[in-house]
Amino acid sequence: MELTFLGGTGTVTGSKYQVAFGTRKVLLDCGLFQGLKQLRLKNWAPLPVSVRGLDAVFLTHAHLDHSGYLPKLVRDGFSGSVYCTAATRDLCRILLLDSAKIMEEESGFARRHGFSKHKEPLPLYTSEDAERALKQFRAVEWNRPLSLLGGLEAEFFRAGHILGASMVRFRHAGISLTFSGDLGRQSDPLFPPPDRLPETDYLVVESTYGDRLHGTSDPGSELAAVCEETFAKQGMLLIPSFAVGRTQALLLRLWELKQAGKLPGIPIFVDSPMATNVTQLYSDYPEAHSLGADKARAVFSIAHYVREAEESKALSGRQGPMIVISASGMATGGRVLHHLKAFAPHARNTILLSGYQAAGTRGASLAAGAERIKIQGEYIPVNARIATLENFSAHADADEIIHWMGASKKAPKRVFITHGEPLASEALRKKAEESLGWHCTVPEYRDVFDL
């Protein structure tokens, strides 16, 4: 086997790994580079391997940093199958079509207003490209080996993290190679812990939180305290939230508070068509999470789901206590913006940040105590209380990753640590070598290893 690192090195985006065996080549994950401009430019550069020479793609999960380059790959000539769990396939239908729509809208806006250096700015890919890519998906089951492509065996295992998320092990000619994908928490309210690391000769493991430990605070108690303080002032609670995973985790915590009688008569609105569609998938795939079918229906029925734009705008004119969960999670765009314009100026309200806020986003400005934020060309005063929920991450921390690795019955010959910022990957390498005695490497972009 030959392993080539085409993304997810020195960054948490753009995950792509080519595995070559015999005369065949496959891609494990096919993610978009996101964030800094020098990373995003890689999406436009030709892939440094033959696209038409790829026989298949295997996806660990649906997040765009793992799946979002697929429509471009198909447009450039990839015609093979895309293997993933059924839940990942259905999440990709939501996320890839939304990604394409945003790209088309952004290129059209740049064209109309002359914001691009290109005379005719084009999207990286279109909705048509995304639809073509989705036709090439093939659903697989966990813990059921597949024999494909000239003697390659592939097997998917549960990884936690989000709905349908998997780790993938390849076997060929007596050699085994396992990719962790993004690992979930050991104690997550929505998902069981990741399956045990299967015996493998080589391991590629993520390191998003490789230099950090999650806190010990209870997010449910923190959420209850924020609600109590806000509603005592007859204010409203606005929660910018990610559509996949975070919104559903918030609804579970709010359902628990309602069960305990702590939110009497407080209406809850989910104002995100994407989050609404994602939440429906939890009912479609009860075996893919910890709630079960009946509890999932009960949990997710506590909210009113807002689909139409006019109803969304009307929310901003409502009076009295209420909870609005709206995208995007870092307040970079979406319906949450008109809610911020309406609710941020008033001291009785609370804006609750429920996840990581990347540098340069409105969410980061709010977290840093900005007295005003710019929305659609207008500066909005921020007098609302700004609060932050801890411990809502869907990623395993450093100790959880080491625990997962150490539970393997046999140490791999070599471990490749990826999908992390440089300090995080290096910290996990040192921790794994010192605590487990494993041979670990932090690869760089386009590194090639003969396994």
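**Nonpolar cores and aromatic contacts**

The largest nonpolar core holds 123 residues. Those with the most contacts inside this core are L3, F58, L73, F170, L254, I323 and M405. Its largest share, 9 residues, comes from helix α4, which spans residues 86-113. The model is a predicted one. In soluble globular proteins, nonpolar side chains tend to be buried together.

Neighbours within four places in sequence are set aside here. F58 is then in contact with V26, L27, L28 and D29, and also with Y83. Further contacts of F58 are L148, L152, A154, F156 and F170.

Aromatic rings were examined next. A search of the whole structure finds 12 aromatic pairs. One of these joins F191 and Y282. Their ring centres are 6.2 Å apart and their planes meet at 45°, so the pair is tilted. The two residues belong to distant parts of the chain, 91 residues apart. F191 lies in the loop between β10 (175-179) and β11 (202-206), whereas Y282 lies in helix α8 (residues 273-284). F191 and Y282 are both buried.

F416 and F449 form another pair. Here the ring centres are 4.7 Å apart and the planes are at 55°, so this pair is also tilted. F416 sits in strand β20 (residues 414-418) and F449 in strand β22 (residues 448-450), so the pair ties together parts that are 33 residues apart in sequence. Both phenylalanines, F416 and F449, are buried. They also belong to one aromatic cluster, together with F5, Y17, F58, Y83, F156, F170 and F179.

The charged end of K42 sits over the ring of Y445, at 3.9 Å from the ring centre. R212 places its charged end over the ring of Y209, 4.3 Å from the centre.

Helix α11 covers residues 336-343. Its buried residues are V336, L337, H339, L340 and F343. Viewed down the axis of α11, these buried residues fall within an arc of 160°, so they line one face of the helix. An α-helix has 3.6 residues a turn, so residues three or four places apart point the same way.

Key. Residues numbered from 1 in each chain as written. Predicted model: local features only at pLDDT ≥ 70, side-chain atom pairs only at ≥ 80, totals over all residues. Heavy atoms only, no water. Core = buried A, V, L, I, M, F, W, Y, C linked by side-chain atoms within 4.5 Å. Buried < 20%, exposed > 50% of the residue type's maximum accessible area, 1.4 Å probe, protein only. Helix = DSSP H or I, 4+ residues; strand = E, 2+ residues; numbered from the N terminus. Contact = heavy atoms within 4.5 Å. Phe/Tyr/Trp six-rings, centres within 6.5 Å; stacked < 30°, edge-to-face > 60°. Lys NZ or Arg CZ within 6 Å of the ring centre and 35° of its normal. Arc of directions from axis to C-beta.
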